[in-house]
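Visitor: I would like to go through this model step by step. Please show it first.

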Amino acid sequence: MALPLTSLLDIVGQKVERLQTIHQGLHTRIAALEEENNNLRAELEETKKQLCNTRRDVEFLTMSYRLADSPDTIVSARRRIARLIRTIDSCISMLKEE
């Protein structure tokens, strides 16, 4: 036999409330996942920057070891390069003065 209309409306009302609860929970979960996604994107950008800096450091170290075979010659080569850079800087400043 068919259920009375009020009983059917009560059942539908309960299901609607349950769906509303699930819907609110999903919206909360979406907001949390979007925040986590944004945090992970920021962390990824920072990691990419660190990777770029590390690659540059590796390139500089590789070049410095190609310049000299021993630590002593590396130090002297670095000093000589620094001295050349200072000389170039002073030449540039003298050219600016003229």
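Visitor: What percentage of the 98 residues in the protein chain is buried?
Guide: This is a predicted model, where local features need pLDDT of at least 70, side-chain atom pairs count only at pLDDT 80 or more, and totals for chains, interfaces and linings use all residues. Residues are numbered from 1 along each chain as its sequence is written, and side-chain values use heavy atoms, without hydrogens and water. Buried means under 20% relative accessible area, exposed over 50%, partly exposed in between (1.4 Å probe, protein chains only). Of the 98 residues, the buried share is 4%.

Visitor: How many helices and strands does the protein chain have?
Guide: Both are DSSP runs, numbered from the N terminus: helices are H or I with at least four residues, strands are E with at least two. The chain comes to 2 helices and 0 strands.

Visitor: Is the protein chain a compact globule or more spread out?
Guide: The C-alpha trace spans about 105 × 40 × 15 Å along its principal axes. The radius of gyration is taken over C-alpha atoms, and the globule rule is 2.2 Å times the number of residues to the power 0.38. That rule gives 13 Å for 98 residues, and the chain has 34 Å, well over it, so the chain is more spread out than a compact globule.

Visitor: Is Ile-74 buried or exposed?
Guide: Ile-74 sits in helix α2, residues 71-97. Ser-64 is 10 residues away in sequence and 6.5 Å away in space, C-alpha to C-alpha. With a relative accessible area of 7%, Ile-74 is buried.

Visitor: How far apart in space are Met-94 and Tyr-65?
Guide: Met-94 also belongs to helix α2. At 47% relative accessibility, Met-94 is partly exposed. Met-94 and Tyr-65 are 29 residues apart in sequence; C-alpha to C-alpha, the distance is 33 Å.

Visitor: In which helix does Leu-8 lie?
Guide: Leu-8 is partly exposed, at 40% relative accessibility. Leu-8 is one of the residues in a nonpolar surface patch, together with Leu-3, Leu-5, Leu-9 and Ile-11. The helix, residues 5-67, is α1.

Visitor: How many disulfides are there?
Guide: A disulfide is a pair of cysteine sulfur atoms within 2.5 Å. Cys-52 is partly exposed at 45% relative accessible area, and Cys-91 is partly exposed at 36%. By the distance rule, the count is 0.

Definitions and conventions: Patch = residues over 30% accessible without salt bridge, like charges linked within 9 Å, V, L, I, M, F, W, Y side chains within 5 Å. Areas by Shrake-Rupley, 256 points an atom, 1.4 Å probe, with all protein chains shown as cover. Salt bridge = Lys/Arg side-chain N within 4 Å of Asp/Glu carboxyl O.
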